[in-house]
Amino acid sequence: MNFRASFCDPFQKDIIELGSISKDSIIDKFEKTPWADILRRMSSAREDEIHYSPSLEIENRDNKHGLAISAVGDPDNFEFYIFYKRPKNVKSFFGLREKINANYTTDKTGQTKQDVLDCLKALLNNDTDFLSSKIGQ
């Protein structure tokens, strides 16, 4: 499988494209991100200095399924939001038409580090059933 990553640094306007990332380094990248430190810095910054919540996005380039993980809240007791993006057939016009939405996204708030790790492992193992049930249909 072929993965790419990007990072949203709250203090930079542009998303930081990290490019290709090996399957074996994705969990490490998440765990080594200084989430609490970034949130602590944000808590003392002016509102106009902050552009995003700190977020790490991982995408499987082969099937276009991806996760974006954002840290929010108090630096000493924060939580994660998990966004699950994937191509999905979506019905419209009273269910009579169906088309593929290439960036269909659902999210779940109030997630723990373990929840994120479970979802990242599912992404790495192409367990889309787990991700759909955990993050939403």
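Let's start with helix H3, residues 113–124: its 12 residues reach 16 Å from the first C-alpha to the last, close to the 16 Å expected at 1.5 Å a residue (the expected span is 1.5 Å times one less than the number of residues). Helices (H or I, at least four residues) and strands (E, at least two) are DSSP runs, numbered from the N terminus. You are looking at a predicted model, in which local features need pLDDT of at least 70 and side-chain atom pairs count only at pLDDT 80 or more, while totals for chains, interfaces and linings use all residues. Residues are numbered from 1 along each chain as its sequence is written, and side-chain values use heavy atoms, leaving out hydrogens and water.

Several residues of H3 are buried, among them Asp115, Val116, Leu117 and Cys119; buried means under 20% relative accessible area with a 1.4 Å probe, protein chains only. Just after H3, Asn126 has a positive phi of about 60°.

Now turn to the sheet. Six strands make an open sheet in the order S2-S1-S3-S4-S5-S6, with antiparallel pairing (two strands pair if DSSP finds at least two bridges between them). At the edges, S2 (16–21) and S6 (97–111) each pair on one side only. S1 (residues 3–8) is joined to S2 by five bridges, and Ala5 stands opposite Gly19 in S2.

How does H3 meet this sheet, and which strands does H3 touch? H3 packs on the sheet, touching S1, S3 (55–60), S4 (65–74), S5 (77–92) and S6, where contact means heavy atoms within 4.5 Å. The direction of H3 makes about 170° with that of S4; axes are lines fitted to C-alpha atoms, for helices over the stretch in contact, and angles run from 0 to 180 degrees between N-to-C directions.

Key:
Buried < 20%, exposed > 50% of the residue type's maximum accessible area, 1.4 Å probe, protein only.
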